[in-house]
Amino acid sequence: MTVMEKLKKLIGEHGGIITSKLVEENNIHREYLRQMVLNGELERAARGVYILPEVLEDEMLILQLKNTRIIYSHESALLLHDLTDRVPFHNVVTVPYGYNPTRLKAEGLLVHTVKKDLIDVGICSKKTIFGNEVRTYDVERTICDIFKDRNNQDIEIVLDAIKRYFRRKDRDLNKLIKYAELLKVKNFLMPYLRALT
């Protein structure tokens, strides 16, 4: 198998989207990516991210491949978990304190920061509308994040999200209360829980 065949196989295994980092991890020189771009076999979607021309561009996946520390949260996570029908104007992400969000904001992202000891609480994978896996927060963490940021949220979105959460068969109220305590929103969340249970 030639190096180019190996690269094409690797791209196919990753749904037609590849990063230069992944290419290097497989001991393939980046020059092969450049050759494929010049030949029209591959398109540069973003810095370090390449996509086959026939593959639909999944903005959420590409953003996460470029910025490996981001976790989709708040309104973006609500959409991923079917807790809202509204598509946010901007993708919303969370990064740990200390991460410089300037570049992310310049790319049009709405960025939240959280303490490093809370960044991994509730992380899961969820499929985008294109079928690609991205890192986001689970439904319980998402509900808590929305309540934590309640002053910046549309009350209709918050109420719709909590009602949809209670209609889910996979809801975990114990986990929700645990997260609410960790994120210091239990006092704001409890009246809604009492009203809906």
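Predicted model: local features only at pLDDT ≥ 70, side-chain atom pairs only at ≥ 80, totals over all residues.
User: OK, and how do the rings of Tyr165 and Phe166 sit, in terms of centres and planes?
Analyst: The ring centres of Tyr165 and Phe166 are 5.6 Å apart and the planes are at 85 degrees. Over 60 degrees counts as edge-to-face, so that's what this pair is.
User: Is Tyr165 buried or exposed?
Analyst: Tyr165 is buried, as its relative accessible area is 0%. Phe166 is buried too, with a value of 11%.
User: Switching topic: which ring does the charged end of Arg141 sit over?
Analyst: That would be the ring of Tyr137, with the charged end of Arg141 4.0 Å from the ring's centre.
User: And what about Arg150, where is its charged end?
Analyst: Over the ring of Phe188, 3.3 Å from the centre.
User: Now helices. At what angle do α1 and α3 pack?
Analyst: About 80 degrees, with 11 Å between their axes. Helix α1 covers residues 3-13 and α3 covers residues 31-38. That angle makes the two helices roughly perpendicular.
User: Which residues make the contact?
Analyst: From α1 you have Val3, Met4, Leu7, Lys8 and Ile11, and from α3 there are Tyr32, Leu33, Gln35 and Met36.
User: How many of those are nonpolar, polar and charged?
Analyst: In this α1 and α3 contact, 7 are nonpolar, 1 is polar and 1 is charged.

Conventions. Residues numbered from 1 in each chain as written. Heavy atoms only, no water. Axes fitted to C-alpha atoms, helices over the stretch in contact; angles between N-to-C directions. Helix = DSSP H or I, 4+ residues; strand = E, 2+ residues; numbered from the N terminus. Parallel < 35°, antiparallel > 145°, perpendicular 65-115°, else oblique. Contact = heavy atoms within 4.5 Å. Nonpolar A, V, L, I, M, F, W, Y, C, P; charged D, E, K, R; others polar. Phe/Tyr/Trp six-rings, centres within 6.5 Å; stacked < 30°, edge-to-face > 60°. Buried < 20%, exposed > 50% of the residue type's maximum accessible area, 1.4 Å probe, protein only. Lys NZ or Arg CZ within 6 Å of the ring centre and 35° of its normal.
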